[in-house]
Amino acid sequence: MRIFKSGAVRAITAAVAVGLIATGCASERGKDGDKGGDKDTFVFAGAGDPGSLDPALASDGETFRVTRQAFEALLEHESGGSKLVGGLAEKWSSDPAGKVWTFNLRKGVKFHDGEAFNAAAVCANYDHWFNWKGTYQSSAVSYYWQTIMGGFAKNEDKEAPKPNYKSCTAKDENTAVIEVNEPSANLPGGFSLQALAIHSPKALKEYAKQDATAKGDAITYPKYSQEAGTVAGTGPYKITKWNKGNKEVTLERFDDYWGEKAKVKNLVFRTIDTEAGRRQALQAGDIDGYDLVAPADVKTLEKEGYEVPTRDVFNIFYVGMTQSKNPALKKLEVRQAISHAIDREGIVKTQLPEGGKAATQFMPDTVAGFSDKVKTYPFDTNKAKELLKKAGEEKLKIEFCYPTEVTRPYMPAPQDMFERMKADLEKAGITVVPKAMKWAPDYLDATEAGSCALHMLGWTGDFNDGYNFIGTWFAGPDKQWGFDDKKVFDSVNAASKVTDPAGRVEAYKKANETIMEYVPGVPISASPPAIAFAKNVNPPKVSPLTQENFAEVSFK
Amino acid sequence: MTKKADKIDRLAELMQTSEVTSGASLWREAMRRLKASKMAIIGAVIIALFVLLAIIGPWLAPHSPSAQTWRGEVFANKGQFVGARGENWFGLDHLGRDMFSRILVGARQTLMVGVVSMLIGLIVGALVGVLSGAAATLGGRTGERVDTVIMRFTDIMLSLPSLLLAVSIAAVMGQSLTTVMIAVGVVQIPIFARLLRGSMLVQGSSDYVLAAKALGIRKKRIVLTQILPNSLSPVIVQATLSLATAIIEAAALSYLGLGNPDPAIPEWGVMLAQAERFFDNEPMMAAYPAIGIIITALGFTLLGEAMREALDPKLRG
Amino acid sequence: MALLSVEELSVTFTAKGRKDSTAVDGVSFDVDQGQVVGLVGESGCGKSVTSLALMGLLPGKGVKVGGRAEFDGKDLLSMSPRKLRDMRGSQLAMIFQDPLSSLNPVVPIGVQVTEILERHRGLKGEAARKEAANLLDRVGIPDPTRRLKEYPHQLSGGMRQRALIAMAVACAPRLLIADEPTTALDVTIQAQILELLKELVDQEGTALLMITHDLGVVAGLCDQVNVLYAGRAVESAGRRELFAHPTHPYAHGLLGSIPRLDAPRGEPLSPIRGSINDRIAWADGCAFAPRCDYYTMECLTGTPELTEPRAAGHQVRCVNPVLPKPKAEVSA
Amino acid sequence: MLRLVVRRLLQLIPTLLGLSVLLFLWLNRLPGGPASAILGERATEAEVARINRALGLDQPVYVQYWRFLKRIFELDLGTSTQTGQPVWDEFATRFPATVELSIVAILIAIVVGIPMGYLAAKRRGGWLDVGAVSGSLIGICIPVFFLALILKGIFAVQLQMFPSYGRLDTGMDATDITGFAVLDGLLTGELDASLDAMHHLILPAIALSSIPLAVIVRMTRASVLEVLGEDYVRTAESKGLDKRVVRGRHVLRNALLPVVTAVGLLTGSLLSGAVLTESVFSFNGIGNFIRTSIDARDYPVLVGFILFIAMVYVLINLLVDLAYSLIDPRVRVH
């Protein structure tokens with residue numbers, strides 16, 4: 001710098017120099033702090049910011065991961081499994097018709113704001129949701145309530161579903177009874193959703209004061225859901241701070257928790273939007289764990305000694321066909337040919353993390369209702385050729401859409417998977433016209449509007465019920481599929497009406513078999529989403545429903 | 001008599017030997033300096049090689065760039081890749097395709113992206129520039145108005161971060177190579193426009209134009225025959241430099257996921273963006289296209305800079 | 001002994017990719033205490049280069065300087081840059097051709113004057129400012145204290161040149177080099193500036209090396225005149241002697257080419273034909289030969305030597321000098 | 001001077017109006033809407049239709065535009081469809097981050113670039129010159145995101161000298177006043193927070209500075225070369241002034257004029273760079289946010305941003321001109 005003497009710049013130089021040195025030291029301090037044995041803060045990185053601190057207003061996993069640590073629903077899934085168990089309700093039962101649901105509530109449960117948990121609180125919640133008005137009735141806000149319980153006390157939008165929720169009554173201090181108009185396949189599973197987790201009645205009163213406003217061009221979430229302080233649940237952690245600038249939600253151990261207390265005092269969720277970014281942050285020691293691990297990284301991290309448990313599969317990845325878009329697809333042989341042409345095993349072997357499975361039907365084998373008697377379509381290029389010939393479609397030319405800028409638990413590397421399948425189809429003599437689109441909204445719009453003859457999509461289950469999978473696609477005509485086949489639809493709907501669990505499972509199996517006879521699309525694979533933790537962490541039991549309970553986490 | 005004759009001859013001969021300071025024209029002078037500059041030569045060589053590669057690459061490629069011939073040997077999910085080996089000099093990519101062939105074939109796509117988008121920027125930009133330049137130099141009051149409006153518009157375009165502008169264009173047009181080229185090209189338009197206008201204004205106020213005006217030559221002719229030709233040199237320089245930026249911006253767009261929709265057709269930008277995911281497992285996979293891009297861009301930049309220096313009288317030394 | 005004596009000074013530019021060009025090719029002349037010496041010649045004859053060489057202001061790279069230039073005993077050419085730096089501004093100062101471009105546009109006049117005072121006379125702050133004001137006053141700039149705050153573009157051409165002069169004489173240098181100090185100015189101002197220079201020199205007894213193409217200036221100012229052609233002195237004599245008897249065909253031509261009030265009516269001007277570009281290397285003969293009416297075969301064989309064909313101290317570099325009967329007397 | 005400022009600010013108004021119209025027509029051409037961006041793969045036709053109705057996107061453009069204008073005059077930019085928060089708030093959290101980043105980047109570029117360019121010019125043709133020039137050229141030719149990735153890989157992941165992402169360490173709960181993490185730290189006396197923020201800034205800033213640095217080096221070099229040939233430098237030399245004075249007062253002071261303008265014009269390219277660096281270091285800045293907003297068709301954010309950026313741009317140019325008129329007296333007169 002000697003050559004530079006002009007005052008101002010000399011000052012700047014100095015400043016920067018000092019800055020560099022100082023920060024250098026700062027970093028030293030920081031790192032030492034982390035390495036201290038008595039670590040009381042666990043930092044976990046997700047791929048996106050939570051949308052709100054009130055799970056009832058959300059429908060995305062990033063939000064639920066955070067709120068799940070602070071809120072509990074009447075029912076929960078067993079830790080590390082998909083079996084329904086008691087949550088805030090110790091026991092539950094329904095009448096034969098499946099219309100009246102009785103919950104025996106856990107005693108001695110406290111909310112974070114000191115309120116006591118009881119039947120009244122439960123009903124307060126359900127009635128609060130049922131009486132939502134205005135913007136709250138937008139499906140963007142109350143998606144799950146509407147899927148599980150239908151509409152509201154007063155539907156403001158004629159197209160809103162008609163209410164299925166009837167009433168909630170507190171039989172006594174610890175018994176709540178919820179009645180619905182029609183039996184539904186979504187129950188009792190629905191009672192376990194984070195979106196229907198129980199809030200403190202005191203908090204609810206606060207909520208009620210604030211309205212979600214749709215001002216001209218967007219939905220503004222109510223203030224209470226955007227900053228810590230008001231929301232209060234019963235979970236092992238309570239939310240203490242949401243620093244949006246730093247993309248950081250801080251939770252603190254709730255000492256009056258009814259169950260086993262959290263092992264680590266502070267829990268922090270941060271956002272790192274790229275896969276590589278999250279992995280590097282872990283390797284750099286900046287975080288203690290992260291979700292949505294790229295398959296390629298699983299082995300790498302394991303080699304380096306990180307904890308990388310993979311969950312059981314609970315999702316399905318499929319190639320959708322839109323018959324209305326390309327008439328050739330109306331021919332059964334063509335659909336079968338495509339099914340034979342694609343090398344599922346290859347995809348599983350090269351693209352999915354260990355534990356991935358090739359799919360035979362539109363649900364993973366972990367879901368009750370999975371049938372091993374379905375018609376299968378093994379990888380066989382020649383067979384595919386024959387079928388095409390038989391259909392008189394040797395010169396089949398077909399558009400194949402794939403999404404960019406996205407990874408989903410069921411499709412870790414969409415573009416690579418697409419390229420493999422494209423190659424497969426071309427081997428079978430099909431000309432593929434590739435079409436790339438941004439995941440949201442372009443791709444989702446296009447597929448949902450049925451403007452992609454072939455496309456890749458998937459589904460992650462909310463709870464263990466077959467309808468949660470096949471119901472979402474094959475309960476009736478749908479633009480995405482562009483076909484109308486009574487046999488298929490009936491089989492699915494029939495199953496959803498069966499109230500006794502065992503019988504319903506059987507019905508789902510039948511439905512799956514019917515569907516695979518018809519092959520509306522090609523189920524490709526079920527992929528186990530991995531989750532990574534630092535070397536010095538005892539990870540929680542990983543859940544196929546990605547419902548990890550971070551209270552189980554501790555440091556070695 | 002003879003005495004006088006040979007004394008004249010002698011003189012002539014001596015004047016031959018003594019050096020004569022000749023006033024070379026700007027262009028000849030520029031060419032001379034260009035030939036003298038190492039930058040220019042290196043740049044030119046790089047570009048020549050690159051173009052050659054782009055033309056004959058596809059025939060040199062030992063394997064098909066798109067066939068996933070060795071896809072059984074690559075396990076992206078286990079981070080197992082195949083590096084350089086006898087059969088595949090640059091190893092395989094994440095889908096078991098021959099990297100070397102892809103790099104060779106990719107050169108053509110990359111060059112095309114660069115050239116086409118540069119041309120879009122150049123042509124449109126030049127038109128706008130000429131329009132407002134002409135308006136400004138000899139359009140009178142209305143001309144000035146036209147000029148200010150156009151310039152205000154280019155200002156706006158310049159004020160928007162080029163990458164975001166490109167992204168939004170891509171958002172409208174959907175994903176395709178064409179989109180990328182247009183997006184990158186559009187971003188260049190205001191630059192060319194301003195540049196051409198600027199140097200036209202300079203020329204416009206120069207003596208020979210005043211003279212031409214004084215002689216009452218028609219305005220259109222003045223612009224076309226006098227001003228324009230003399231204003232082009234900075235534009236040519238910019239065009240060369242733009243080729244570099246275009247290639248880089250295209251790579252950036254691919255990184256943001258707006259690249260070529262059919263990744264089977266190799267293009268360095270897309271290849272780099274794809275390989276970035278496996279950077280820690282197989283860095284070379286990203287390195288090859290990256291190096292390709294950097295060197296190519298460098299080539300164009302070197303030549304452009306050298307031209308700029310050669311054409312700039314102030315920087316003579 | 002002479003204050004400045006230049007011997008066989010030569011300057012050669014060696015640009016890459018070009019063949020060397022010799023701008024100054026063995027110039028020799030002396031400047032005595034308090035004397036005013038002129039270097040005269042067409043533009044391109046190497047007079048400005050000579051002055052820059054003396055000041056050590058030629059670019060370090062691509063230039064070869066030869067010969068000696070002794071400033072009271074010390075050779076300026078071989079002197080260490082630091083030493084030279086100390087001498088510049090204090091011992092020898094320079095005034096340049098174009099006053100506008102020679103002044104820093106973004107620095108107030110005051111600073112540009114005071115900085116030299118600080119450097120060589122150790123004056124600081126108020127003292128420096130006062131002295132600067134005096135200087136401006138001395139060179140005839142009205143309202144100096146206000147001017148100090150102003151910027152070059154706010155001054156008139158004449159004032160700028162005055163300011164430059166003020167800087168040059170700030171430290172009462174012993175030698176002042178003026179390179180075409182008046183060419184950029186209009187005639188009336190020219191006269192004033194020359195007057196100013198004259199009286200400064202007289203007051204301080206400063207030696208002045210006046211570089212010009214304008215014989216009028218020479219006639220008005222110089223004691224001794226050196227005529228340069230193609231980087232060499234071709235004739236050197238006292239002012240009167242030279243004007244009375246221009247002996248080298250070139251000098252003769254020069255004088256012939258200026259209109260004279262006292263010339264007989266109707267006598268045509270006789271300009272020199274051709275330009276300085278059509279010449280031959282001194283090594284081969286007389287560089288002026290191509291433009292010379294009198295050149296002989298002899299002129300084209302080897303460098304002509306300086307001789308004194310007419311009078312002692314009147315040196316001429318010509319094998320075939322013009323020795324006609326003198327024309328009318330010069331009006332000094 | 002004041003008149004200049006006022007005139008510029010007045011010019012801003014028509015520019016912004018015109019811009020907003022163009023913008024609205026433009027945005028309307030974007031296919032798809034925020035609806036499915038909100039709902040993800042769970043979107044169904046009916047849902048999308050209902051959301052669009054809720055967002056008033058079913059009305060004709062001019063109605064939307066008018067609503068938008070009305071709000072603009074109430075200084076209300078509306079609400080982000082992505083986050084459901086007021087656009088102002090979103091900007092308030094993110095703009096400072098990017099500004100901070102850009103400033104540090106520019107500082108690095110200036111502090112390194114100007115001396116480098118100066119030396120290069122002084123030792124023209126020397127190894128230092130060749131080094132500086134080729135260095136700056138390469139700086140331009142490396143794709144920013146690639147450079148960022150490499151820097152991160154080496155200094156954050158391997159050597160762990162710098163954090164690999166974000167603006168502040170976890171749990172470093174700094175009080176937020178201005179949104180400028182470094183500044184806040186100084187204001188509240190939480191120096192460790194400031195340092196931490198600085199520490200997070202350095203890597204992205206270096207990556208971001210590559211292009212400005214290159215530009216500044218070359219600008220400085222060129223204009224120093226030019227100035228060195230000027231008569232007034234020769235005059236200064238002839239006065240026997242110290243090297244220091246000649247360099248500082250006579251050479252640099254003149255040579256930096258064009259550099260100042262260049263720095264002003266760099267803002268656009270800085271933001272482009274920010275988009276990439278921010279996404280590599282998942283730095284919560286505006287660049288990255290806008291990119292996702294484009295994908296998510298977050299109209300209010302986009303409109304707000306572009307108006308904002310146009311304003312920023314004009315203001316920066318204004319500043320440049322003011323700075324210019326401070327160092328160059330000739331400008332002051334006219």
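## Where chains A and B meet

In this predicted model, 21 residues of chain B are in contact with 22 residues of chain A. Two residues are in contact if their C-beta atoms, placed from the backbone, lie within 7 Å. The side of chain B that touches chain A divides into 8 nonpolar, 8 polar and 5 charged residues. Here Ala, Val, Leu, Ile, Met, Phe, Trp, Tyr, Cys and Pro count as nonpolar, Asp, Glu, Lys and Arg as charged, and the others, Gly among them, as polar.

Residues are numbered from 1 along each chain as its sequence is written, while chains are lettered from A and ligands numbered from 1 in the order in which they are written. The model is predicted, so local features need pLDDT of at least 70 and side-chain atom pairs count only at pLDDT 80 or more, whereas totals for chains, interfaces and linings use all residues.

## Chain A as a whole

Chain A has 15 helices and 22 strands. Helices (H or I, at least four residues) and strands (E, at least two) are DSSP runs, numbered from the N terminus. The radius of gyration of chain A is 26 Å, close to the 24 Å that the globule rule gives for 556 residues, so chain A is as compact as a globular protein of that length. That radius is taken over C-alpha atoms, and the rule is 2.2 Å times the number of residues to the power 0.38.

Along the principal axes, the C-alpha atoms of chain A fill a box of roughly 80 × 75 × 50 Å. Of its 556 residues, 58% count as buried. A residue is buried if 20 or more other C-beta atoms lie within 10 Å of its own, exposed if 12 or fewer, and partly exposed in between, with C-beta atoms placed from the backbone. Among contacts in chain A between residues at least 6 apart in sequence, 70% join residues at least 24 apart.

## An enclosed helix in chain A

Helix α6 of chain A spans residues 275–283. Why is it largely enclosed by the rest of the structure? Because 9 of its 9 residues are buried. Among them are E275(A), R278(A), R279(A) and L282(A). The buried residues pack against β1 (41–46), β13 (289–291), α7 (295–303) and β20 (531–533) of chain A, and against α7 (144–158) of chain D. After α6(A) comes G285(A), with a positive phi near 80°.

## Backbone details in chain A

L187(A) and P188(A) are joined by a cis peptide bond, with omega about 5°. P188(A) sits in the loop between β7 (175–180) and α5 (201–209).

Two residues other than glycine take a positive phi: K247(A), near 50°, and L292(A), near 60°. K247(A) lies between β10 (237–243) and β11 (248–253). L292(A) lies between β13 and α7. K247(A) is buried, with 25 other C-beta atoms within 10 Å. L292(A) is buried too, with 21.

## Chain D

In helix α12 of chain D (residues 286–295), 9 of the 10 residues are buried, so the helix is largely enclosed by the rest of the structure. Just after α12(D), R297(D) takes a positive phi of about 55°.

G166(D) lies in the loop between α7 and α8 (181–188) of chain D. G166(D) is buried, with 25 other C-beta atoms within 10 Å. Which residues does G166(D) contact, leaving aside its neighbours within four places in sequence? They are N246(A), R270(A), H200(D), S282(D) and F283(D).
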